[in-house]
Amino acid sequence: MLEAIQSALSFLPDGLVTLLIILLKIFALLLPLLGAVAYLTLAERKVIGYIQVRIGPNRVGPRGLLQPIADAVKLMFKETILPTNANLFLFILGPILTIGPAMAAWAVVPFDDGMVIADIDAALLYILAMTSLGVYGVIIAGWASNSKYAFLGALRSAAQIVSYEIAMGFALVGVLLAAGSLNLGEIVTAQQGSVIQWFMWPLLPLFLIYFIAGLAETNRAPFDVAEGESEIVAGFHVEYSAMAFSVFFLAEYANIILISLLTAAMFMGGWLSPFEGILPESMLTGGGLGLLLGSGIHWLLLKTAFFMFLFLWIRATYPRYRYDQIMRLGWKVFIPITIVWLMVVAAMVVGNVGPWFD
Amino acid sequence: MEQTIFYIFSTILVLSAAAVITVRNPVFAALFLVLAFFTSAAIWILLEAEFLALTLVLVYVGAVMVLFLFVVMMLDINLTVLREGFTRYLPVGLLVAIIMVAQLAYIVGPERFGLDKYPAPTPRDADYSNTREIGLVLYTEYLLAFELAAVILVVAIIAAIALTLRKRVKTPLMKPEEQVVVKSKDRVRLLKMATEKQDD
C-alpha cells in the first residue's frame with residue numbers, strides 16, 4: 001500500500017514524499033490510538049462497574065457505547081478556567097509536556113514484523129527517555145497552578161516516577177541481556193519458537209516488576225497517591241478544566257496502553273502466535289484459519305488488551321498504598337530483586353541455559 | 001539540510017543557556033537548563049551518537065533535573081534579594097568568565113581539534129549500532145577506567161547516605177511486616193463492664 005502512495009505522489013520532490021509518508025504513518029498510528037484511549041475510558045467504567053455489581057454507563061447509545069464521544073463533546077465545549085494567580089505560560093505548557101512524550105514514545109513501537117514508524121536500534125533507550133520526560137508535565141502543572149493540593153500531588157508523583165523508573169530500567173536491562181538487542185522488533189523475534197521461548201519465563205521476576213512499576217509510572221491504582229482524591233482532591237490537575245484536563249487523561253491512558261503493549265512485546269512474544277511449536281507449521285501459514293492462528297498483529301493487540309484489563313482489574317481490587325510503603329516497595333524490594341535477577345539472567349546467557357539461551 | 005538543523009538547534013541551545021543565567025525566576029532558569037540539555041542531545045543525534053544523546057535525556061533531563069526542579073520549587077526564594085549585588089559581583093564574575101573562556105579557547109582551539117586532526121565522521125549505514133560499539137570498547141579497552149568510575153560513584157552514594165542518615169528518636173518506626181500480620185486482639189482490648197445506672 002505504501003508503494004502505491006509513493007508512486008501516486010511521485011510528481012512531488014523526493015524529500016516531500018518521504019515527509020508525507022511519515023506523516024501518514026503517524027496519523028495511521030495516532031488516530032486508532034486516540035480511539036483506543038477513548039474506549040479504554042468506557043471499558044474502565046464498564047469493567048469496574050461489573051466488578052462492583054453495577055452496570056456502568058448505559059444511557060448514551062446502545063449499551064452506552066457512545067459514552068466516550070459524549071464525554072469528548074462535553075469536555076470540548078466546557079470553559080477552560082485559568083486561575084488568576086497561576087503562571088499562565090507554564091500552566092498551559094504542563095498538559096502539552098505530558099501528552100508530547102506520551103505520543104512520541106509510540107514512534108518506535110512495532111506492531112508486526114516491520115510495522116513500525118522509526119525502526120531505530122536504541123528503541124528501548126528511546127522509550128525509557130521519552131517516558132521519563134512525562135514527569136515534567138506533572139511537576140510543571142502542579143507548580144504553575146499555584147495551589148497547595150496541586151503542588152503536593154506534583155511532588156508525590158515526581159518522587160514516585162523517579163523511584164520506579166530505576167526498577168523499570170533494570171527490568172529492561174534484563175530484557176536486552178536476554179534478547180541481545182535494544183531494538184523492539186528484534187526483541188520480539190528473539191522469542192520465536194514456542195510459548196516456552198517467551199521471555200516471561202526466564203525473566204519472571206523482571207516481568208512482574210516491570211508491570212507493577214508500569215502501574216506506578218502511570219500513577220494508577222494502587223499507586224495513585226499523586227491523585228489521591230480522598231486526601232488532595234485530585235492532585236496535580238485539580239486546577240485544570242475542560243480540554244486541558246482531558247489532555248492529562250489522554251496522556252495517562254496512552255501511557256497505560258503503551259506499558260501494556262510493551263509488556264506484551266517484551267515478555268509475551270509480541271505478535272508471535274502462542275500456537276507456535278504446538279500446532280503443525282502448515283496450520284499457522286496460509287489463508288483462512290492460518291491467518292487467525294499464525295503470528296500477526298491481532299495477537300499483539302489481544303495480549304495488550306489482557307494487560308489493559310489487568311490495569312482495570314487491579315484498580316477495582318486493591319486499596320491505595322500508603323506513601324512510605326510505595327517508597328519502600330520501590331527502593332527496598334524491587335531494585336534489589338532486579339539487580340539479583342540481572343546477575344541470574346547474565347549467568348544464564350553466559351552458561352547457555354536452555355531452552356532460552358542455547 | 002543537516003547544517004540547517006544543526007544551526008537551528010545550536011541557536012536554541014545558546015539562547016537557552018544564556019536564559020538560564022539571565023531569567024529572574026529560578027524555576028524558569030531550571031526549565032531553560034532542561035531545554036539546553038535536550039537540544040544538546042538533539043545535536044548529538046545529528047553526530048550519530050544516539051546512545052549518548054538518549055542517555056543524556058534519560059539521566060540528566062529525566063532524573064537529575066527533575067530533582068533539581070523539585071528543590072528549586074520547594075525553596076521559598078525572595079527574588080529581590082537574589083537580584084541585589086549584581087553590579088557588585090559583576091567584576092569578579094566577568095574575570096572568572098574571561099579566564100574560563102580563554103582556557104576553553106586554548107584547549108578546544110583548532111590547533112588541537114581542527115578538522116585536520118579530527119575529520120568529520122563518515123555517515124554510517126542505518127543498521128550501524130552506536131550502542132554496541134560503545135559497549136565493546138567500554139568493557140574491553142576501558143574496563144579499568146569504567147570500574148574505577150563505578151567505585152567512585154559507589155563511594156559517593158555511601159557518603160551521601162551516611163551524611164543524611166540520622167536516627168530520629170521521636171518518630172515511631174513503622175515496620176510493614178509487623179503491620180501486615182497484626183490481629184485485632186493485639187490492638188483492641190474488650191472489657192466487660194457493668195452498666196452504669198442512669199440518673200432519673
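Helices (H or I, at least four residues) and strands (E, at least two) are DSSP runs, numbered from the N terminus. On that basis chain A holds 14 helices and 0 strands, and its elements, read from the N terminus, run α-α-α-α-α-α-α-α-α-α-α-α-α-α. This is a predicted model, in which local features need pLDDT of at least 70, side-chain atom pairs count only at pLDDT 80 or more, and totals for chains, interfaces and linings use all residues. Residues are numbered from 1 along each chain as its sequence is written, while chains are lettered from A and ligands numbered from 1 in the order in which they are written.

**Overall form of chain A**

- The radius of gyration, taken over C-alpha atoms, is compared with a globule rule of 2.2 Å times the number of residues to the power 0.38.
- For chain A the radius of gyration is 22 Å, close to the 21 Å that the rule gives for 358 residues, so chain A is as compact as a globular protein of that length.
- Along the principal axes, the C-alpha atoms of chain A fill a box of roughly 65 × 60 × 45 Å.
- A residue is buried if 20 or more other C-beta atoms, placed from the backbone, lie within 10 Å of its own, exposed if 12 or fewer, and partly exposed in between.
- Of the 358 residues of chain A, 45% are buried.

**Contacts between chains A and B**

- Two residues are in contact if their C-beta atoms, placed from the backbone, lie within 7 Å.
- In these terms, 19 residues of chain A are in contact with 18 residues of chain B.
- On the side of chain A that touches chain B, helix H5 (123–144), helix H6 (148–179) and helix H14 (323–350) each supply at least two residues.
- The largest share of that side, 9 residues, comes from H5(A).

**A:Asn352**

- A:Asn352 lies in the segment after H14 of chain A.
- A:Asn352 is exposed, with 9 other C-beta atoms within 10 Å.
- Apart from neighbours within four places in sequence, A:Asn352 is in contact with A:Phe357 and A:Asp358.

**Helix H5 of chain B**

- The expected span of a helix is 1.5 Å times one less than its number of residues.
- The 22 residues of helix H5 (residues 86–107) of chain B should span 32 Å, and the end C-alpha atoms are 30 Å apart, which agrees.
- H5(B) is hardly covered, with 0 buried residues among its 22.
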